[in-house]
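Thanks for coming. I will take a few minutes on one structure, so please have a look at it before I go on.

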Amino acid sequence: MQENFIKATAFAALLSASAAVGLTGAAQADSIKIGINVPQTGFAAADGTSALIGAQLAAEQANANGGVNGKNVELVVYDDQASPKSAVPIATKLVEQDEVKIAISGSYSGATRAAAGVFQEAGVPYISAFAVHPEITRSGDYVFRTSFVGEVQGRAGAKLIGESLGKKKVTLITLKNDFGQSLANGFKEAAEQFGIEIISEYEYSIKDRQFGPIVAKVKSDAPDAIYASGYFFTAGPLVSQLRSGGIDVPVIGQEGYDSQKFIEIAGGASEGVIITTSLDRDSDSPEAKDFIAAFEEKAGYKADMVAASGHTAMKVAIAALREAGSEDPKAIRDAIAGLTLEASTGTISFNGLGEVRKDVQVQVVKDGNWHRHSIISDPDLLAPPEK
Amino acid sequence: MLAFELLLQGLVQGSIYALIAVGLTLVYGLLRILHVAHAGLFTLGGYIGVIVTNATGSLLLALLVAMPAMGLLGIGIYRTCYQPLLSRPPYVALIASIGLFIMMEELFRLIFGPYGLSFTAPPLQDTVAVFGVNLKEAELATMIGAVVLIGGLALLTLRTRIGTASRATVTDPKMAEAFGVNIGRIRDINFFVGSALAAAAGVMVALLNNLVEPTMGSVPSYKALAIIVLGGLGDLRGTLIAALALGVIEAYGTIYLGNLLDRDAIAFAFLIAVLMLRPQGLFGRA
Amino acid sequence: MAYEITLLTAMGIAVIFALSLNLITGFCGQISLGHAAFYGIGAYCAAMITKSGLPFPLALAAGFLLAGMIGVVVGLASLRVRHDFLAITTMGVGFLFLGIVRQQDFLGGEMGLSGIPSSGLSKPAFMALVLIIAAAVTAFSLYLKRSWMGYVFDSVADDEDTARMLGIDVARYKLAAFAMGTALAGLAGGLYAHNIRFIDPDSFGFVESITVLAMVVVGGIGSVWGVILAAAVLSVLPLWLQFISDYKLLLYGALLFTVMRFSPNGMAGMVAALKGRSKSTAPGGKA
């Protein structure tokens, strides 16, 4: 009897579940829906929040300027917790129930990679704002990316160290995930070209905040420069511990560092740290200036790379909708592919695979703020993969 | 020289592990509960440490606020969450504890924001030379703090009436009760002391990283469990040695085995190897 | 319909995975905090096989077998430890699995495995396959529970030493539970890999092990229907709760805590209590 009752409850729950999900998401006629999956809870919530605010800002700006094709842009937001497992149902829901015309990923690689397959299959254009995994755009011709693949940025890092800074003996400290791995791959690929000798390499996990052993070993390696991948929450403690361990050679990072929070965590140790990224704080371009000011006003903290990427991806989506002049997915896709756009992260265009072509911004910490160091514009070196 | 530096770094990490795990083992020894939410108190201790220090400029005051506050919260958690579950199979309390820990992490994120907090003027950041090795003052303070706190605790359990009562309760709760030990009070005290130590560890980690994040407790939540198992579950001395040993093994492992296995895997490979040879842990009684 | 199909597929896979752990933890009383490793072994194994061009059914079978074989090895090791030591040992197995996979280039390392071929089935057909397998595993669980082996499992779970005194070869039955449970987890993993078609080490980590254990315990340890209900609900709860996005995980934690705190026998216990037919194990504490 008891078993039967539970059995009945289980079936009832299953049935009502499938019924309930069918009832949500009636489309509004006077707006154009753009989907976005971002991590709002869990370990990646900080980046997800920034990316979402950036995207919302772009949507508000577009609506204030008369919307798109006479309609307002409406964001449909789902929290994917940066997990591939959640991303697939969310992508399916965006496509089928919310009937979004185009979607954006403000999430990490795993979730973006998994969702990209769903959007490709459904023929809905999908733009990855800052996920680095090379396989994302290989999902098909409806998938684009507005940030650099890790390899490209790794190559830029090699050029920065070997050529601009003229340092030849380099130690790699690599974050053990897809981001760090692809950066390291790109760096190694280009190292020889710039006369760089990689004298040692260490790996750490995204959960690590204590780098004492690595610092001790790096000190005995005595490199000319350190190329360390990471996010602000790992790079902050890392740089601070490198400096207090008595290592004063240049530390070169990348866009994962790109947050005011990095400077806050590392404090004085952050001075002089150089990174390759997408947002130029000292840019003369009105796009970047406007974004930096508007973001800080909306969010209450300083803009970072992730925010600029969310903003850029959204801008691309809106520009493509305007350009296409219709809501036909094929027309929107073609519009993205043919786009050239001024955005907060530079002048954007896409190659045949849907990878972005733009310059690499090199930023340095000076007096507690990010400032322009230089710009790397080397179309050959920075050429994203074509297939 | 490098070997010595790695040893020191391992001991710093080990001291943190020890402060967290000792509290956990106090709880385990008495109640046989794998108290995952302990790591939540560690995190909250870190938050209080940063907030109070930023407000008053005094790290000492921050410790004096964080430790008793977490101690009291620990008692609260025991009374409301675990006490009613004591007669249940241990996994019931374990899952309840995991649920509690998830809630705590999410509350920290909602209240303090996803980016975490840092000291505006982080104290103890200068370096000092110890036998020719540069150490941050905060690292030194962590080691000294662990020695003082855990040493004090050991004296307390060996030399005072409460300590004797506590040890008696661990050995045989019914007998202890028959001899007039107030078991409820002993449990409260253990939760208080254990949680206060976790708070101290949280403040020290906040100092070392200059960062407290909502998810700061996720690694300690499982690694501290491994340590108390390694130390023989409920054994104070074993836990201390296991914590320091694990810190040192991880320090060497990161450098010399880093290309084979990550830090967690090294720690657990060691744990499994030990348990296969000594199923009752390094110092547990068979 | 595609969204409902996606959800039901996810639920079905979660049910298979949760029932697989229920064999070990629910029936035989052996707690595991590393069950996701076997889910992962099945997923990686199956994905590698279809990636090399071999057919999907073969991949599922291989994932099932490999996970089961490794499960027996781990089970053998686990015989040496008991109770909380076992919990931590299995947790260690989970971390070791992750650590090893992360370093294997042929498994994609940190980058995960992309481009896993389609199962060749349409989405509804794949869902049907998952649900049929889930139904088969349910039937098997129910059969097992009432079989001789089920009673022996019960006695091992109840009190290992007494069971041994009664002449039961405890080690053999524990191994059998481990073999069956891990093999079925591998099967679920193979299905998962061909459903999401992208796998990475983090998808099979500690959090996943905890999630599946929570399904078993929240459902009501050992209760087949309770576990199915919990697996179905908990697997899609984060998706249903999208409208309260910011408080989603908070609510999930609160649910785990509340169920355990106020109904330690899980959902099954709750239903029984509602019907006033509680099996009346002594109520804990002073509640």
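A word on terms: helices here are DSSP runs of H or I with at least four residues, strands are runs of E with at least two, and both are numbered from the N terminus. This is a predicted model.

I start with chain B. On that count, its secondary structure is 11 helices and two strands. Read from the N terminus, the order is α-α-α-α-β-β-α-α-α-α-α-α-α.

Now the overall form of chain B. Its C-alpha atoms fill a box of roughly 55 × 45 × 35 Å along the principal axes. A compact globule of 286 residues would have a radius of gyration near 19 Å, and chain B agrees, because its value is 19 Å. Of those 286 residues, 62% are buried. If we take the contacts in chain B between residues at least 6 apart in sequence, 76% of them join residues at least 24 apart.

Next, where chain C meets chain B. Here 37 residues of chain C are in contact with 38 residues of chain B. On the chain C side, helix 4 (83-102), helix 9 (206-219) and helix 11 (248-262) each supply at least two residues. Helix 4 of chain C gives the most, with 11 residues. Sorted by class, that side of chain C has 24 nonpolar, seven polar and six charged residues.

Last, one helix in chain A. Helix 8, residues 232-244, has 13 residues and reaches 18 Å from first C-alpha to last, close to the 18 Å expected. Is helix 8 of chain A enclosed or exposed? It is largely enclosed by the rest of the structure, because 13 of its 13 residues are buried. Just after helix 8, A:G246 takes a positive phi of about 90 degrees.

How values were computed: Residues numbered from 1 in each chain as written. Chains lettered and ligands numbered in written order. Predicted model: local features only at pLDDT ≥ 70, side-chain atom pairs only at ≥ 80, totals over all residues. Expected span 1.5 Å × (residues − 1). Buried ≥ 20, exposed ≤ 12 C-beta atoms within 10 Å, placed from the backbone. Rg over C-alpha atoms; globule rule 2.2 N^0.38 Å. Contact = placed C-beta atoms within 7 Å. Nonpolar A, V, L, I, M, F, W, Y, C, P; charged D, E, K, R; others polar.
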